[in-house]
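Here's a quick briefing to read alongside the model. Have a look at the structure first, then go through the points below.

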Amino acid sequence: MSVELTIFAINSLIRLGQTGKNAFEESARSDDVLFPKLKQIQLNIPAQIDNFFNKDINIGYVVGDNAPYSKYWLSTDDGISRPKKDKASLDALMIAATMLEAERGTTFMASTAGPAASLVKTWSNGNEPLSAIAKIAIAGSDIALEYVGNNTGIIGGGNGAKLISAYAKTLSDKLPNDGNLGPKDTIREQLTGVFLRAGFETISKHADWIADEEHIVALIESTIAPLSEAFPMSSDIDVIEFDMLQKVLMEEAASALLNTMAEHQSAFLGKAFATDKALGAVTKALFINAKNIGITQQFTKQGLLSLYKVSLDLVAGQPALFFENDGSAKSQLIEGLFTDMASLLSEAEYPFDQQLGVDLAKMSMSALSKNIAKFADNDSAWEQTAVALMRNMIDSLIPAVGKEGALKSVFAEAQLLAYGEIIFTHIGKSPSMIVRNGERKYSGLIVAISHAMLADKKLLLSADNWLKIAKVAAKEAATNPMRLFDLDPQNPNDVLAGQLITMMIESAADFEASQGFKSVLFGEVLSEAITILISATSGKVTVAKQKLSTIRALMAQLNEFMQNRHNEFGSKEFLTIYRILLMRLMSDIDVPPLTEAFVLELLTGQE
Amino acid sequence: MKHHSKRLLLLIVLISLGGCNALKISEANQALSNHYFAKEQAQQAAGSMASVALLDNINVALKDLANETFARGNEEDNPKNKIAFYRIAATAAWQSGLEMTTDYAKPGQDLCRVPENRVGMEVNCSFLAFIPIFSALDSSSEKVTKLNVEQAALSSSDDAKRQDLLAQAQALFGEFKLAASSALLARKDISSEQLSKGFIAKLDENLVNIVCKQLSEVISTVSTLDGNPSTLRSSEKDLKMQLGEIDGLSCQ
């Protein structure tokens with residue numbers, strides 16, 4: 001087909017406005033018509049035998065002097081002609097019918113099908129109302145007219161003209177000249193139409209977008225080709241399935257693709273068509289996952305599309321990650337990353353089965369992609385580590401903030417996101433802290449804090465308190481990575497920092513349980529006490545391990561002391577004394593029993 | 001099997017996503033095909049929970065499509081567009097199991113009587129004439145199948161019940177005969193029109209099936225309920241003769 005002619009036809013139809021619309025309607029009216037299958041009667045066995053032997057071809061076997069099966073048949077002069085009702089006669093006739101049909105190469109009782117349904121042409125041969133080129137032009141102009149309105153200038157040059165040209169090129173080059181479109185041609189036609197519509201939408205959103213016709217063609221091609229490969233269209237159900245998936249996903253996907261192109265224009269400059277291929281691979285991964293995982297839950301559709309947008313941004317924002325040295329796209333990497341993350345999120349429990357899961361996934365991919373060399377090891381690449389750490393994050397948090405978790409009402413989505421940012425920023429800066437156990441990977445920081453969260457059954461700490469603890473812990477972990485947050489791969493829940501924080505929370509909870517009321521040790525004061533403990537023990541891990549029970553006893557003692565004197569001492573005094581005594585313990589200096597005189601000495605700086 | 005169930009579940013969700021603003025002819029046509037073929041697929045997997053749920057869902061979607069496209073037909077100004085919408089509406093109503101398919105087809109049939117409306121819309125118009133007939137035949141076929149099930153479970157001593165079933169079977173033959181006659185007449189009406197070969201072939205294939213196969217199946221149902229089928233067979237013979245008058249169609 002002639003590309004120029006197609007473009008000319010589309011532009012003409014757009015300029016003609018209403019005439020273009022009329023042409024589109026005429027084209028739609030000439031679409032194939034569904035001719036459904038009529039329902040067939042299901043006979044019972046005696047009726048089937050009756051029907052079989054009453055046929056002209058078979059009646060001679062049951063009626064007449066030489067009929068071999070006449071003794072099983074009832075035939076009267078007034079027109080009755082049917083099998084006898086006894087079981088022996090019915091069995092004999094059924095066997096006879098089966099044998100007769102077998103001799104004819106057919107099967108008895110197989111004739112219940114009836115004519116199949118089909119799509120029939122609305123026009124007779126030689127009377128076809130529209131050529132294939134006209135149909136393409138009409139479909140294209142119909143889409144364009146939705147956006148052009150009365151402003152036909154939009155197609156006079158610039159982005160609109162490039163879009164139309166790309167649309168015409170993509171279709172004219174590939175569709176058969178005779179206009180007899182197969183399932184794959186129809187998909188091509190539909191997808192290209194979706195891109196044209198998405199293109200006009202992108203123009204309206206990004207006035208600064210300078211569309212490159214060649215890139216748009218390449219992008220459409222690199223989207224359609226892998227999809228054609230992934231969906232063989234070899235049966236009706238294949239066609240229906242893909243058609244429906246593309247209806248549900250493709251409009252948003254195409255829009256996201258072109259928006260990504262508009263937002264990352266520099267990534268597409270020059271002739272880097274591999275970028276288009278990489279984006280095509282992301283689209284293929286979207287569809288394959290939609291097919292395999294299903295889109296039966298609202299999250300799954302929105303989640304997949306969100307993950308798709310995240311992946312597009314990653315490819316366009318850091319294209320170098322996704323290409324080989326020869327410039328070809330690392331399609332397997334892209335598909336693998338998308339598939340593994342989609343699989344993880346589709347199986348994740350609340351609240352990670354929501355948009356939150358996708359946002360955290362974006363953080364993990366982004367954090368690790370900035371330092372890929374350090375996150376890749378001999379057995380797994382950086383993207384696998386990103387997925388593994390995301391799994392570690394979700395699995396660790398679910399017991400605390402999931403549906404059954406004590407802290408589920410403490411953490412809002414925004415705070416979990418803030419928490420994720422602290423964690424993944426830290427991970428991005430401290431790759432050496434990742435520990436591997438089989439397929440699993442762990443971060444000491446994730447394990448320590450989420451483990452400690454489980455201890456806070458009485459909700460002594462707010463989400464903001466936890467965020468403060470996480471920040472301090474992340475800072476200490478980055479400064480002294482192999483100390484408080486050191487992980488044993490064989491026992492990944494046993495992190496010293498986690499034990500220390502847990503001990504502080506349990507100590508406060510124990511006091512409340514024994515006294516029936518809260519001490520000063522909750523909320524801001526408790527989080528401050530925990531951060532003091534983390535800072536104090538960070539450089540002295542061996543001592544901290546030895547003195548865990550001593551620190552706990554000190555906490556109990558101090559709590560009781562302060563509570564008995566709550567009119568004289570408050571939280572400020574508590575923290576001051578606590579800090580001093582903790583330093584003494586860490587420096588192996590004895591802590592005498594707490595007396596009022598001793599505490600006053602500490603507060604006045606005499607001790 | 002697991003994969004198949006997943007596909008069915010997928011279709012359940014997708015089917016329920018139907019419906020959009022200002023439905024166009026092409027979209028309505030596509031939706032009709034999608035719903036229809038999804039229904040066929042679900043029927044093939046009949047028996048599973050997923051397929052039962054899916055069939056319910058698809059039938060609801062088809063009813064919605066019938067009503068939506070019928071409303072669009074009413075709103076349209078262009079009579080040819082109206083005809084296209086009414087044809088889609090009537091087909092969707094038929095396939096959804098709605099009783100009064102005629103209500104959906106009638107406005108389109110009326111428009112098709114105006115010669116200029118018919119130009120370029122011959123298949124749509126022809127099909128509009130057949131849809132209520134086919135819908136009625138489907139309904140009768142379903143009843144005959146039900147009768148066969150009831151007859152298979154009938155006790156030989158229950159003569160009253162047998163007589164009741166026989167009366168129903170004979171009445172159903174009357175319905176079939178009437179529908180088959182109407183279909184043959186409608187087919188003769190369009191003999192001179194320039195219709196696509198595909199449409200005519202499919203139509204004739206169905207007419208042959210109705211006259212040569214389904215009628216005899218109803219007669220066998222009557223016969224095995226101890227009815228005398230001789231008058232029914234002469235009616236069948238008449239219809240076969242009428243069939244033979246159309247472009248050489250026959251039961252051979």
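## Helix α5 against helix α7 in chain B

On the α5(B) side, Thr101(B), Thr102(B), Ala105(B), Gly108(B), Gln109(B) and Cys112(B) touch Cys125(B), Leu128(B), Ala129(B), Ile131(B), Pro132(B) and Ser135(B) of α7(B). Sorted by type, the residues of this contact come out as seven nonpolar, five polar and no charged. Keep in mind that this is a predicted model.

**How α5(B) and α7(B) are arranged**

- As for handedness, α5(B) and α7(B) cross in a left-handed way.

**Ser141 in chain B**

- Ser141(B) has a relative accessible area of 1%, so it counts as buried.
- Leaving aside residues up to four places away in sequence, Ser141(B) touches Lys39(A), Gln40(A) and Ile41(A) from chain A, plus Phe176(B) and Gln214(B) from chain B.

**Aromatic pairs**

- Over all chains, the structure has 17 aromatic pairs.
- One of them is the edge-to-face pair of Phe70(B) and Tyr104(B), with 5.4 Å from centre to centre and 70 degrees between the planes.
- Phe70(B) belongs to helix α3 (residues 49–75) of chain B and Tyr104(B) to helix α5 (residues 101–112) of chain B, so this pair ties together parts that are 34 residues apart in sequence.
- Tyr104(B) is counted as buried because its relative accessibility is 13%.
- There's a ring cluster too: ring pairs link Phe35(A) with Trp94(B), Phe127(B), Phe130(B), Phe134(B) and Phe199(B).

**Helices α15 and α17 in chain A**

- Over in chain A, the axes of α15(A) (residues 382–401) and α17(A) (residues 444–453) come within 8 Å and cross at roughly 10 degrees.
- With that angle, α15(A) is roughly parallel to α17(A).
- The crossing of α15(A) and α17(A) is left-handed.
- From α15(A), the contact draws on Leu389(A), Asn392(A), Met393(A), Ser396(A), Leu397(A) and Ala400(A), while α17(A) brings in Ile446(A), Val447(A), Ser450(A) and Met453(A).
- By type, the residues where α15(A) meets α17(A) split into seven nonpolar, three polar and no charged.

Technical notes. Residues are numbered from 1 along each chain as its sequence is written. Chains are lettered from A and ligands numbered from 1 in the order in which they are written. This is a predicted model: local features need pLDDT of at least 70, side-chain atom pairs count only at pLDDT 80 or more; totals for chains, interfaces and linings use all residues. Side-chain values use heavy atoms; hydrogens and water are left out. Axes are lines fitted to C-alpha atoms, for helices over the stretch in contact, and angles run from 0 to 180 degrees between N-to-C directions. Helices (H or I, at least four residues) and strands (E, at least two) are DSSP runs, numbered from the N terminus. Angles under 35 degrees count as roughly parallel, over 145 as roughly antiparallel, 65 to 115 as roughly perpendicular and the rest as oblique. A crossing is left-handed if the near helix is turned anticlockwise from the far one by less than a right angle, and right-handed if clockwise. Contact means heavy atoms within 4.5 Å. Ala, Val, Leu, Ile, Met, Phe, Trp, Tyr, Cys and Pro count as nonpolar, Asp, Glu, Lys and Arg as charged, and the others, Gly among them, as polar. Rings of Phe, Tyr and Trp (its six-membered ring) pair if their centres lie within 6.5 Å; planes under 30 degrees apart count as stacked, over 60 as edge-to-face and the rest as tilted. Buried means under 20% relative accessible area, exposed over 50%, partly exposed in between (1.4 Å probe, protein chains only).
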